[in-house]
Amino acid sequence: MERRSARSYGLWMGELLPGLHNDITDVPGVLVGHVSLIKGYGPLIPSMGPVRTGITAIRPHPGNIYREPCWAGIHVINGFGKSLGIPYIQETGLLNSPILLTNTLSVYDAAQGMLTYLLQENPEIGHDARTPNLVVFECDDSYLNDIRGRHVKPWDGILALNRVATGPIVQGGVGAGVGMSLFQLKGGIGSASRMVPVNDKEYRVGMLALTNFGQLEDMLINGVPIGLMMKRMNHDEILCQVPGSLILVGVTNAPLSRRQLDMLAARAPLGLGRTGGISRMGSGEFCLMVNNNGLELKNPISDWELDPFFKAVVEITAESIWNSMFYATSMEGRDGHVRKALPIEEVLCWMGLNSP
């Protein structure tokens, strides 16, 4: 059947209204691009494939982010990860590079591509200006992908950055999400957004998730233990979840400080919990929150006005994770390993919903 968002099937995704596309690009200025790498079938031939991987690029605004940095905050949910750029954000609260997502062993190749991109865009780097602090996040796609082959090359990072565009974005098994697994089913890229009214103004908050975590029995959808129900319905042939990761990248156009962005990022685990995620050992899980509205905070928002933003982060974290699975299609990878798509019709039946 057609793959589309969790919300479109009548599932409850929260109280706040989504933006036009219900994805991260509803925040004005945000751009997203993907490069998907899919090649070969059958037994693993090291360095040759099969290849099931890719790269996703996020630009918080269309300008030169090295020269026009953003305030940012980050929360480490579970530190079992190999991402780049976290210490600088923790120290300064600044983001001065685009954001790339890829597989664990391709972090440095992706970073080389972004570095080339930024050096071309900013000839002053390394001469009259300081070097940028690159931000690259990762998840382990080795269950489906020849990860040791490091098939993501620097030029793929450049291509993803050149492909960034406004929404609606493609979700599911695309870009960095090609080879990812969620609750032992097919995961990948998911996204959602919310409109947040505060003081007669309406701000946007968007989230993009790269999902690669969890055991089947953990999975919840709208509070229903769908994962346990699937196991009891003879779906227990779904085996092996390599300890993976969850990467969450959120952007808002609200005038929030670095400290307030840290506070928003710290609410993401509450949304993760709605999906059944428990941050199992070996799963690197991070949430980055960015204010793309400039470093000069005009009419800053009080801490006492943050509750609607907290609610937005919880809702879009959960919805982004669910969307990554609802959009994803089944994928066969190396050595005949298969990640099946979420059986949407069965799930809707178990939840007492009819497929529209």
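## Salt bridges across the model

A salt bridge is a side-chain nitrogen of Lys or Arg within 4 Å of a carboxyl oxygen of Asp or Glu. A search of the whole structure, which is a predicted model, finds 12 of them. Side chains of opposite charge can pair when their charged atoms come close.

## Overall form

The protein has eight helices and 14 strands. Its C-alpha trace spans about 60 × 50 × 35 Å along the principal axes. A compact globule of 356 residues would have a radius of gyration near 21 Å; the protein has 19 Å, which agrees.

Of the 356 residues, 59% count as buried. The protein exposes about 14,000 Å². Carbon and sulfur atoms supply 55% of that area. Take the contacts between residues at least 6 apart in sequence: 81% of them join residues at least 24 apart.

In soluble globular proteins, nonpolar side chains tend to be buried together. Here the largest nonpolar core has 50 residues. Those with the most contacts inside it are Met219, Ile221, Met289, Phe309, Phe326 and Leu342. Helix α7, residues 307-327, gives the largest share of this core, with 10 residues. A second core of 30 residues is separate, and includes Ile99, Leu208, Leu210 and Leu288.

Met219 shows how the chain comes together. Neighbours within four places in sequence are left aside here. Met219 is then in contact with Phe183 and Leu185, and also with Val224, Pro225, Ile226, Gly227 and Met230. Thr275, Met325 and Leu342 complete its contacts.

## Helix α7

α7 has 21 residues. From its first C-alpha to its last it reaches 30 Å, close to the 30 Å expected at 1.5 Å a residue. The helix is mostly covered, with 17 of its 21 residues buried.

Asp218 forms a salt bridge with Arg280. Their closest N and O atoms are 2.8 Å apart. The pair links distant parts of the chain, 62 residues apart. Asp218 is in the loop between β10 (201-212) and α4 (226-235). Arg280 is in the loop between α6 (268-274) and β12 (284-291). Asp218 counts as buried because its relative accessibility is 12%, and the cut-off is under 20%. Arg280, at 33%, counts as partly exposed.

Asp303 forms a salt bridge with Arg259, the closest N and O atoms being 3.0 Å apart. This pair also links distant parts of the chain, 44 residues apart. Asp303 is in the loop between β12 and α7, while Arg259 belongs to helix α5, residues 258-265. Asp303 counts as partly exposed at 31% relative accessibility. Arg259 counts as partly exposed at 45%.

## A bridge between Arg334 and Asp335

The side chains of Arg334 and Asp335 meet in a salt bridge, 2.9 Å from N to O. Arg334 is buried, with a relative accessible area of 18%. Asp335 is partly exposed, with a relative accessible area of 39%.

How values were computed
Residues numbered from 1 in each chain as written. Predicted model: local features only at pLDDT ≥ 70, side-chain atom pairs only at ≥ 80, totals over all residues. Heavy atoms only, no water. Core = buried A, V, L, I, M, F, W, Y, C linked by side-chain atoms within 4.5 Å. Buried < 20%, exposed > 50% of the residue type's maximum accessible area, 1.4 Å probe, protein only. Helix = DSSP H or I, 4+ residues; strand = E, 2+ residues; numbered from the N terminus. Contact = heavy atoms within 4.5 Å. Expected span 1.5 Å × (residues − 1). Rg over C-alpha atoms; globule rule 2.2 N^0.38 Å. Areas by Shrake-Rupley, 256 points an atom, 1.4 Å probe, with all protein chains shown as cover.
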